[in-house]
Amino acid sequence: PYDLICLDIQMPLLDGHHALEEIREVEEELRVPSSKRVKVVMATAHTEKDHVLDAFRAQADAYLTKPVSKDKLLTFVHEWKLG
């Protein structure tokens with residue numbers, strides 16, 4: 001299991017939205033409790049509202065726009081007690 005996954009929305013074979021949906025489906029099939037699910041940060045250059053809403057509908061835990069700020073990412077890591 002992973003503690004944190006950072007996904008880009010635009011990826012060559014599978015976009016980040018679909019990758020996140022598949023991750024959540026696997027967690028559901030394995031009956032992973034919500035408190036134990038991997039934290040997912042979507043990272044992208046897209047700032048359009050639809051992309052942000054789609055990320056959270058797919059159960060992203062956070063959304064960062066590029067260029068990703070190390071401080072912003074670390075804020076989530078500390079908030080989630082991952083590091």
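Helices (H or I, at least four residues) and strands (E, at least two) are DSSP runs, numbered from the N terminus. Everything below comes from a predicted model, in which local features need pLDDT of at least 70, side-chain atom pairs count only at pLDDT 80 or more, and totals for chains, interfaces and linings use all residues. Residues are numbered from 1 along each chain as its sequence is written, and side-chain values use heavy atoms, with hydrogens and water left out.

**View 1. Three strands make an open, parallel sheet in the order β1-β2-β3.** Strands count as paired if DSSP finds at least two bridges between them. The edges belong to β1 (4-8) and β3 (62-65); each has a single partner strand, so one side of each lacks a neighbour in the sheet. On average, neighbouring strands here are turned by 25 degrees against each other, direction ignored. Look next at β1 and β2 (residues 39-44), which are joined in the parallel sense by 5 bridges. Within this pair, C6 sits opposite V41 of β2.

**View 2. Two helices lie across the strands.** Helix α1 lies across β1 and β2, at about 150 degrees to β1. Helix α2 (residues 49-57) lies across β2 and β3, and runs at about 150 degrees to β3. For these angles, axes are lines fitted to C-alpha atoms, for helices over the stretch in contact (heavy atoms within 4.5 Å); the angles run from 0 to 180 degrees between N-to-C directions.

**View 3. Helix α1 has a buried face.** The buried residues (under 20% relative accessible area, 1.4 Å probe, protein chains only) are G16, H17, A19, L20, R24 and E27. Seen down the axis of α1, they fall within an arc of 165 degrees, so they line one face of the helix; the arc is that of the directions from the helix axis to the C-beta atoms. Their cover includes β1, β2 and α2.

**View 4. Here are the two ends of α1.** At the start, a side-chain oxygen of D15 comes to within 2.9 Å of the backbone nitrogen of H17. Just after the helix, R31 adopts a positive phi of about 55 degrees.

**View 5. E27 has its place in helix α1 (residues 16-29).** This glutamate is buried, with a relative accessible area of 10%. Leaving aside residues up to four places away in sequence, E27 touches V32, R37 and V38.

Key:
Buried < 20%, exposed > 50% of the residue type's maximum accessible area, 1.4 Å probe, protein only. Polar contact = N/O pair within 3.5 Å; in protein donor to acceptor, adjacent residues only side chain to side chain.
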